[in-house]
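Open the model in your viewer and keep the selection panel at hand.

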Amino acid sequence: MGMLFPCLLAGILNGCALQIFREPMKVGNGPLIALYIFIFTTFILLWSIRLYPRNLRKLGKFQPIIEFFTAEFLMEDLIIDFWFPLEAFFLELLPAIAQNIDDWVSGGWSAEVITDFLKSEASGFYASYTLALFFFLATLHSSRVIDLRTLTQDGPRRFCREICFKTKTGIRRILRKFGFRKKRKVNINEQRNTHQTIDSFNSRQKLHKNRCQSQEYCPLHNLICKTDSDSEFDFFKGFAATSKSNS
């Protein structure tokens with residue numbers, strides 16, 4: 001995954017129309033909110049993929065700077081070379097479809113309602129919003145933030161529950177990145193636990209051996225015989241002395 005701060009800073013700069021590498025020759029005529037949705041989609045995409053190759057050696061404190069310039073370059077290219085031309089294509093396509101419908105329709109039948117809607121500015125805005133939301137949902141699904149298969153298989157209620165759960169998980173993850181929620185540190189005395197494990201294993205072996213020698217019930221041999229209480233008492237007495245000496 002890419003680092004949070006470099007990708008977030010690149011998204012903020014592009015949202016404020018501040019470019020580092022190049023400025024767009026032609027800005028799209030679509031709604032500004034659709035552009036913000038696409039910028040946020042690009043941020044999620046760049047945050048989900050690995051910007052810096054794993055086989056390269058990390059650069060320490062210069063690592064966030066490298067990832068910032070990489071994220072800024074990729075985000076500018078996606079906005080200038082992908083989003084603006086695609087949005088302009090659909091904004092020009094709808095009036096062209098309306099003109100073709102006018103040319104095809106003849107006689108007494110009229111399609112002015114359809115053609116007027118396709119030629120209006122609202123239809124272009126709807127198309128731009130549809131494109132932005134499509135890429136947004138596709139990015140969320142591909143980056144495993146949501147699973148659209150849950151909506152089709154388990155219904156909208158289960159899908160909304162999954163979204164709420166993953167939203168809470170994502171917020172906790174971001175807060176942990178900022179240092180507000182830190183993991184608990186559990187100190188484990190590995191040496192003591194190792195001695196306890198060895199002592200418990202040895203005690204089970206001794207107990208099994210004494211049970212077999214005293215002809216008591218043995219789960220391994222599945223035998224029930226007479227019990228020698230003296231040998232069993234001596235075993236527990238020796239086990240207590242061993243545990244005191246170890247402690």
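Rings of Phe, Tyr and Trp (its six-membered ring) pair if their centres lie within 6.5 Å; planes under 30 degrees apart count as stacked, over 60 as edge-to-face and the rest as tilted. By that rule, the whole structure holds 12 aromatic pairs. This is a predicted model: local features need pLDDT of at least 70, side-chain atom pairs count only at pLDDT 80 or more, and totals for chains, interfaces and linings use all residues. Residues are numbered from 1 along each chain as its sequence is written, and side-chain values use heavy atoms, with hydrogens and water left out.

Select F21 and F73. This pair is edge-to-face, 5.4 Å centre to centre with 80° between the planes. F21 sits in the loop between α1 (4-15) and α2 (32-48), while F73 is in helix α3 (residues 63-104), 52 residues apart. Helices are DSSP runs (H or I, at least four residues), numbered from the N terminus.

Next, select F89 and F90. Their ring centres are 5.5 Å apart and their planes at 85°, so this pair is edge-to-face.

Now colour by accessibility (buried under 20% relative accessible area, exposed over 50%, partly exposed in between; 1.4 Å probe, protein chains only). F21 is partly exposed at 42%, and F73 is partly exposed at 39%. F89 is partly exposed at 47%, and F90 is partly exposed at 28%.

Then pick F38, F82, W83, F134 and F135. Ring pairs link them into a cluster.

Last stop: α4 and α5. Show F117, L118 and K119 in α4 with E121, S123 and Y126 in α5; these meet, contact being heavy atoms within 4.5 Å.

Key: Helix = DSSP H or I, 4+ residues; strand = E, 2+ residues; numbered from the N terminus.
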